[in-house]
Amino acid sequence: MNMVIGFLVACLLTVIVVRLLYPLALKLEWIDRPDGVRKRHDGEIPLIGGPSIILGFLCAVLIMG
């Protein structure tokens, strides 16, 4: 049961961190722009997924301790 709670805490914290960092990523232009060759996405993608997952995971580990 502790693992489920830890997973849910990590998911919730990751969503919160993404919501907080999204405007910052746009302001600082931390975005991935498509080039038509390798990067095939349609629009600009903020580069905040990795740091958000790491922060969510680390906070969950510290809380579940």
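Buried means under 20% relative accessible area, exposed means over 50%, and partly exposed is in between, using a 1.4 Å probe and protein chains only. Keep that in mind as we go. This is a predicted model, where local features need pLDDT of at least 70, side-chain atom pairs count only at pLDDT 80 or more, and totals for chains, interfaces and linings use all residues. Residues are numbered from 1 along each chain as its sequence is written, and side-chain values use heavy atoms, with hydrogens and water left out.

**Stop 1: helix α2**

Select residues 49–64, which make up helix α2. Helices here are DSSP runs of H or I with at least four residues, strands are runs of E with at least two, and both are numbered from the N terminus. Helix α2 has 16 residues and reaches 22 Å from its first C-alpha to its last, close to the 22 Å expected at 1.5 Å a residue. That expected span is 1.5 Å times one less than the number of residues.

Now colour Ser 52, Gly 56 and Ala 60, the buried residues of α2. They cover an arc of only 60 degrees around the axis, so they sit on the same side of α2. The arc is taken from the directions that run from the helix axis to the C-beta atoms. Turn the view to the face away from this buried side, and you will find the exposed residues Ile 54, Phe 57 and Leu 62.

**Stop 2: the buried side**

Click on Gly 56, which counts as buried because its relative accessibility is 0%. Leaving out residues up to four places away in sequence, Gly 56 touches Ala 10, Leu 13 and Thr 14.

With the sequence neighbours up to four places away left out, Ser 52 touches Thr 14, Val 17, Val 18 and Leu 21.

**Stop 3**

How many disulfides does the structure hold? The count is zero, where a disulfide is a pair of cysteine sulfur atoms within 2.5 Å. The sulfur of Cys 59 is 13 Å from the closest cysteine sulfur, in Cys 11, so the two are too far apart for a bond. Cys 11 is partly exposed at 33% relative accessibility, and Cys 59 is partly exposed at 34%.

**Stop 3: salt bridges**

A salt bridge is a side-chain nitrogen of Lys or Arg within 4 Å of a carboxyl oxygen of Asp or Glu. By this rule there are three salt bridges. Select Glu 29, Arg 33 and Glu 44, which are linked in a network of them. Arg 33 meets Glu 29 at 3.7 Å, N to O. Glu 44 bridges to Arg 33, with the closest N and O atoms 3.0 Å apart. Both Glu 44 and Arg 33 lie in the loop between β1 and β2, so this pair ties together parts that are eleven residues apart in sequence.

For another bridge, select Lys 39 and Asp 32, whose closest N and O atoms are 3.0 Å apart.

**Last stop: Glu 29**

Most residues other than glycine have a negative phi. Glu 29 is not a glycine, yet its phi is positive, at about 60 degrees. At 53% relative accessibility, Glu 29 counts as exposed.

Notes. Contact means heavy atoms within 4.5 Å.
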